[in-house]
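Hi,

Here is the structure I promised to pass on. Have a look at it first, and then read my notes below.

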Amino acid sequence: MTLNPTASVTPLKRILTDSARPHVGHRGAERRTVALPARLTWKDSRGTTRFASVVARNVSDFGVYVECQSPVAIPLFRLVQFQLEREVRESDGLPASLRQGRILSAVYRVSPPKASGTPQGLALRLMVDPRRHTASAIEASRATA
């Protein structure tokens with residue numbers, strides 16, 4: 001088999017690029033805008049336990065976006081404990097997983113603070129069992145049917 005050096009790979013590249021593009025607006029769970037006080041707890045690279053007060057800006061069944069009141073040094077993929085403050089855990093519209101207290105989470109995006117005054121932000125993936133969530137959603141739908 002001989003390769004044609006003048007053959008172009010652009011069509012193949014375009015196909016791969018177009019098919020790999022993420023679907024905009026297709027989330028696995030509805031995201032709700034909130035402004036709730038919360039707390040993060042994690043261990044730094046030396047094993048020292050650290051804490052930070054944050055504000056949850058939006059929540060879903062599987063994720064939370066928080067803004068830090070003061071910048072923190074949490075690297076990507078670090079496991080953290082996320083917890084809403086006790087007085088706001090029973091707020092309307094919160095996923096059941098956020099009402100129970102501490103939730104193991106992974107940092108999957110870090111947004112640095114901006115000169116315009118926007119605080120540092122962290123996107124957290126909640127380590128909840130999606131099958132358990134699905135089963136509770138099915139039970140809730142059966143109860144209303």
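Which residue in S4 is the bridge partner of Ala38? It's Leu84. (Two strands pair if DSSP finds at least two bridges between them.)

Before you go further, note that this is a predicted model, where local features need pLDDT of at least 70 and side-chain atom pairs count only at pLDDT 80 or more, while totals for chains, interfaces and linings use all residues. Residues are numbered from 1 along each chain as its sequence is written, and side-chain values use heavy atoms, leaving out hydrogens and water.

Now the overall picture. The chain has 3 helices and 6 strands, in the order α-β-β-β-β-α-β-β-α from the N terminus on. Both kinds of element are DSSP runs numbered from the N terminus: helices are H or I with at least four residues, strands are E with at least two. Of the 145 residues in the chain, 32% are buried. Buried means under 20% relative accessible area, exposed means over 50%, and partly exposed is in between (1.4 Å probe, protein chains only). Among contacts (heavy atoms within 4.5 Å) between residues at least 6 apart in sequence, 55% join residues at least 24 apart.

Then there are the charged pairs. Searching the whole structure gives 5 salt bridges, each being a side-chain nitrogen of Lys or Arg within 4 Å of a carboxyl oxygen of Asp or Glu. Three of them are worth a look:

- Glu67 and Arg57 form a salt bridge, with the closest N and O atoms 2.9 Å apart. This pair links distant parts of the chain, 10 residues apart: Glu67 is in strand S3 (residues 63-68) and Arg57 in strand S2 (residues 49-59). Glu67 is buried at 18% relative accessible area, whereas Arg57 is partly exposed at 32%.
- Arg50 and Asp44 meet through their side chains at 3.0 Å, N to O. Asp44 is buried at 16%, and Arg50 is partly exposed at 40%.
- Glu90 and Arg99 have their closest N and O atoms 3.5 Å apart. Glu90 counts as exposed at 59% relative accessibility, while Arg99 is partly exposed at 28%.

Cheers
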